[in-house]
Amino acid sequence: MKRSQDSVSSPQKSSKHKKAKVAPNQVIHASTAREDDRHNDAVEGEWTRVEKRKAKKNKKVEAKHDALMPRFMYVNGEIVKRKDAVHINDVRDLVLHIVADAPPPNWVKVEHPRSIEKVVALLIPGILPSTLALPPLPTSATANPNIPLSIPLPAESHTPIPFIASTYSHACPTRAPGDQTRMYSVLSEFFQCQVTPQEKAKRQAQRASQRAFDSTPALYMLTLKEMIENEYPVPSYMADVFEKGPGWIETPQVSEESLLLLPADKLESKVYAIDCEMCLTEDGKELTRVCMIDYESGIVVYDKLVKPPKPVIDYMTKWSGITESLLASATTTVAEVQAQLMPILAPKDGPVSILVGHSLESDLRALRISHPRCIDTAVIYHHPRGRPLKPGLAWLTKKWLNREIQTRGDSGHDPEEDARACIDLLRSKLRYGPSYGEYKTDFESIYERMGRASGRGGPGSVRSVVVDHGNPGVMHGSKASSNVPCTSDEEVLEGLLQAIPAHEFAFGRFTGVADALGWLTPKATAAETPVVAPAEPSPIVLANAQATLNNQLVTLYAALPARTALIIFTGHSDPRRMASLNARKSAFESAIRTGKKAEDIDKADWWTASDGRELEEEVEKAKRGLLFLGVK
């Protein structure tokens with residue numbers, strides 16, 4: 001699998017040994033000092049013998065691993081039997097086989113997997129077959145398109161990323177997840193895995209035990225960890241993780257002593273659904289309407305238009321439902337809203353109220369209120385493709401309540417309608433149990449799986465780290481041992497160099513080449529004019545990005561310890577044409593849903609059967625990726 005390379009001396013691997021037995025501590029007296037000196041000499045001699053035994057055993061272990069050098073070998077006979085190329089979840093399961101307890105894959109053989117010290121997985125979109133002078137992927141009519149391709153040596157190919165050609169002998173085609181018209185998240189597919197049968201049985205038992213407590217909404221309150229993961233403005237008395245700016249308040253903490261003085265009928269928290277609408281000002285989105293409904297009675301207890309502190313530059317009516325004429329009569333300020341809501345959130349004659357909403361952290365940020373007791377329908381209900389994706393409220397209501405909301409088109413959303421949808425979704429959850437509205441209930445993060453693995457020193461012995469752009473700690477890295485947020489590929493490289501020595505599994509993502517190719521531009525929306533053909537990247541910019549990536553890979557590889565598996569996968573190909581066609585399709589379907597007839601729409605904006613076939617072809621092209629496997 002690997003090109004020939006210089007051998008690297010292996011660092012000594014520490015292992016567990018029994019400690020030498022030492023006499024209990026004693027008080028040293030002057031009359032017994034000489035005797036104690038003889039005793040200490042004996043103890044030191046004993047420790048010297050123990051250290052020699054440790055060193056000798058370590059040498060044997062290292063020699064054994066050196067004699068059993070791990071390597072990857074593709075099993076072409078199994079690959080040709082596959083309907084599709086190797087999937088992203090196959091790459092994930094390969095990692096779990098090496099690091100955790102997953103069974104061996106059939107499409108690749110791993111010789112001596114237990115000799116692999118560490119696994120580093122890199123997602124690098126933008127490395128194409130043409131980058132490595134590979135022939136175009138064949139069609140199924142001419143040859144099997146799933147077979148690994150031999151990579152020409154750098155001298156033969158003049159590749160702009162010679163590290164790949166000099167380190168790996170083959171590139172294995174991969175296929176990203178998705179359906180006929182969409183490509184799903186590569187990150188979600190890689191970081192989510194099926195639970196083991198033992199864990200599945202454990203979860204089923206937990207769900208069964210929870211049903212006895214399903215009668216109270218408090219069961220679905222977000223934990224502190226969930227609030228932090230979903231970027232809630234957490235009150236300071238819960239955790240010092242959120243810095244409140246000017247104009248912020250927090251719901252006061254109620255003491256346990258005061259709760260003990262309440263009568264029994266006042267001990268249960270009131271539950272309110274809340275939804276806010278925002279408009280855009282020069283300072284960003286600002287609160288312009290808030291609606292709150294009592295969960296038990298269904299009565300609207302608060303509904304106010306709010307005057308933002310700065311002039312509105314975009315009413316965002318299509319979403320907010322707010323117009324210039326509607327907001328002209330508003331006089332209530334955000335501070336006044338806070339003062340009016342606080343007696344509801346923290347009543348003097350009862351415990352702190354529970355708020356329910358959809359992506360409630362956005363509403364609380366608009367209100368500038370930190371609240372401790374929250375239920376989020378975007379968390380207790382799942383996206384069909386699993387975490388970290390969140391479902392939309394309109395989709396949830398249609399799927400689980402069998403009714404449609406947010407159907408007013410350009411007139412925008414109604415906050416009362418949205419708040420009532422949240423109430424009914426919570427009622428359904430209470431009625432049908434915790435697993436209602438969940439997808440992939442038998443899936444978990446790969447880091448949870450690694451944490452339970454017992455093959456490398458027992459559960460908890462596998463330390464993992466995610467080094468990625470943005471804030472991976474609240475997304476795909478939320479379950480990892482460590483997270484390193486980055487703003488550039490340079491920071492990703494530095495983060496990996498610092499993190500790899502202390503972790504058994506590391507994930508990093510380099511996006512510089514994809515950015516140079518124009519792949520990281522914002523997604524097209526229905527309101528934008530779709531791009532007919534993706535623009536060609538600047539050759540100079542692309543060449544610089546590829547050279548930078550090559551240098552970063554060389555630097556990273558040189559720092560890796562011996563017997564580290566370096567797995568690089570590209571995830572997908574150019575997604576721009578696929579995204580452009582999907583935006584055009586969405587715009588046409590949206591126009592039809594709002595009541596327009598086809599003859600009222602410009603023919604150039606129609607969505608035809610021919611467009612549908614082109615979209616399916618572009619989706620298949622976008623799903624193509626490459627995989628490189630090797631061990632240093």
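Modeller: Let's start with a word we'll need: a residue is buried when its relative accessible area is under 20%. Keep in mind that this is a predicted model.

Biologist: Okay, so how do I use that on strand 20? How many of its residues are buried?

Modeller: Strand 20 covers residues 564-569, and six of the six are buried, so the strand is largely enclosed by the rest of the structure.

Biologist: And which way do the residues of strand 20 point?

Modeller: The general idea first: side chains in a regular strand alternate between the two faces of the sheet. Here, Thr564, Leu566 and Ile568 point one way, while Ala565, Ile567 and Phe569 point the other way.

Biologist: Which residues stand opposite Ile567?

Modeller: Take the two partners in turn. Strand 4 (residues 118-123) pairs with strand 20 in the parallel sense over six bridges, and there Ala121 stands opposite Ile567. Strand 21 (residues 624-631) runs antiparallel to strand 20, joined by five bridges; in strand 21, Leu629 is the bridge partner of Ile567.

Biologist: Now helices. At what angle do helix 15 and helix 16 pack?

Modeller: In general, we describe two packed helices by the angle between their axes and the distance between the axes. Helix 15 (residues 393-401) and helix 16 (residues 415-432) pack at about 45°, with axes 10 Å apart. They are therefore oblique to each other, and their crossing is left-handed.

Biologist: Which residues meet there?

Modeller: From helix 15, Leu393, Leu396, Thr397, Trp400 and Leu401 meet Asp418, Ala421, Cys422, Asp424, Leu425 and Ser428 in helix 16. Sorted by type, the residues of this contact are seven nonpolar, two polar and two charged.

Notes. Residues numbered from 1 in each chain as written. Predicted model: local features only at pLDDT ≥ 70, side-chain atom pairs only at ≥ 80, totals over all residues. Heavy atoms only, no water. Axes fitted to C-alpha atoms, helices over the stretch in contact; angles between N-to-C directions. Helix = DSSP H or I, 4+ residues; strand = E, 2+ residues; numbered from the N terminus. Parallel < 35°, antiparallel > 145°, perpendicular 65-115°, else oblique. Left-handed = near helix turned anticlockwise from the far one by under 90°. Contact = heavy atoms within 4.5 Å. Nonpolar A, V, L, I, M, F, W, Y, C, P; charged D, E, K, R; others polar. Buried < 20%, exposed > 50% of the residue type's maximum accessible area, 1.4 Å probe, protein only. Pairing = 2+ DSSP bridges.
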